[in-house]
Amino acid sequence: MQTLQTTSLRVSQDQLFILDQQALPQKKIWLPADNVDALVEHIHALRVRGAPLIGLSASLLLALLAERGAGREELALALARLRASRPTAVNLMNNLDRMKRALAQADFVPALIAEAERLVAEDKQLCERIADAGSALVTPGSRILTHCNTGGLATAGVGTALGVIARAHQQGNIANVWVDETRPLLQGGRLTAWELGELGIPYQLITDSMAASLMANGQVDAVWVGADRIAANGDVANKIGTYSLAVLATFHGIPFYVAAPHTTLDRHCPHGDAIPIEQRAASEVTGVAGSFGAVQWAPHDAQVYNPAFDVTPAALVSGWVLDTGVVSPQAVAEGIFAPGH
Ligand code: MRU
């Protein structure tokens, strides 16, 4: 395979490496993801995370396994295991559907390699187009609030919502970015803060519970988030806490935009209630762990509810900013995300 490098994926000497997103920003560690067990474990642990990146990493590994001589049956099994590694982000399923079609070809080894490389190249372009479309909506002097991490770490390119923010910053239109820390796994506090710092974009880190008072005080001009799955009626699954922001934004009359590539669309999922929501370990809520160490503050027998994502109803979304352009609530209501469009 070609040598390939994104912010958080690397293919070199026919090996796949991932940038450990649990170790960031304290440590920059590249880990091998050489077989299905290793990659599935990295995905479970969120060392590889973000809807587009999960799908790309799984596709690249399949291509590398094919190149190393794995047979069609072995690859089909690997594909099925990777597909089941996380349930909510549909990019994984959409990417692997394309890899499955490549696997069905007579000459499946070059077909899988070409398809995986194409998916990475395409994702970069999708991010650029989202940034083009989205930045046109950012008004001069904007103070934008964002949640989770949607940047170069989570994609092969400049990111989705964070790509929009970065492009708007280049255009001189960003006054400040409010970064939700994003409990429980702190993708905002660890990853978005780090990416914005690297890009030289002014930001202030807040705990998730501070968004309401900032909005009430008139300090937020727009909310921009990514998505893990967009249903046919426009409902959006994204990192837990997104729904609260959408409710708050609507209450305060603040635009709430969702930025995502078309690979995040699930036209066959009729509405948000049909989106599978990943439930995660209690330890993520009873304390915190990372390269900085681990602490538990809750009682050892505390009962915990820990869904990784929530669903924002379409009615709360001001616009879906895709690589194909900005989709309005009216277009969504008329069925633009439905099958056949
Ligand atoms: O659990 P994570 O960190 O994979 O969740 C990520 C998100 O919710 C992102 O907002 C989404 O995947 C979009 S990334 C471009």
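Which element gives the most to the lining of the largest pocket? In this predicted model, in which local features need pLDDT of at least 70, side-chain atom pairs count only at pLDDT 80 or more and totals for chains, interfaces and linings use all residues, that element is α4, with 7 residues. Residues are numbered from 1 along each chain as its sequence is written, and side-chain values use heavy atoms, with hydrogens and water left out.

Grid points are joined across faces, edges and corners, and a volume is the space filled by probe spheres set on the points. Helices (H or I, at least four residues) and strands (E, at least two) are DSSP runs, numbered from the N terminus.

The largest pocket holds about 320 Å³ of space. Its lining comprises 15 residues, with Asn94, Asp97, His262, Thr263 and Leu265 nearest the centre; at least two residues each are supplied by α4 (90-103) and β12 (265-266). By class, this lining contains 4 nonpolar, 5 polar and 6 charged residues, where Ala, Val, Leu, Ile, Met, Phe, Trp, Tyr, Cys and Pro count as nonpolar, Asp, Glu, Lys and Arg as charged, and the others, Gly among them, as polar. At least three residues of the lining come from each of domain 1 (4-128) and domain 2 (139-333), the bounds being taken from an automatic or database domain assignment.

The helix α4 is itself mostly covered, 10 of its 14 residues being buried (under 20% relative accessible area, with a 1.4 Å probe and protein chains only). Among these buried residues are Asn91, Asn95 and Arg98, together with Leu92, Leu96 and Met99. The cover over the buried residues includes α2 (51-67), α3 (72-83), α5 (108-135), β9 (229-231) and β12, contact meaning heavy atoms within 4.5 Å.

Of its 19 lining residues, Leu185, Ser283, Glu284, Val288 and Ala289 are the closest to the centre, and two or more residues each are given by α10 (283-286), β13 (287-290) and β14 (293-296). The most come from β13, with 4 residues. This lining divides into 9 nonpolar, 7 polar and 3 charged residues, and at least three are drawn from each of domain 1 and domain 2.

Note on methods: 1 Å grid on protein atoms, 1.4 Å probe; cavity = no way out; pocket = protein on both sides within 12 Å on 5 of 7 lines; lining within 4 Å. Buried < 20%, exposed > 50% of the residue type's maximum accessible area, 1.4 Å probe, protein only.
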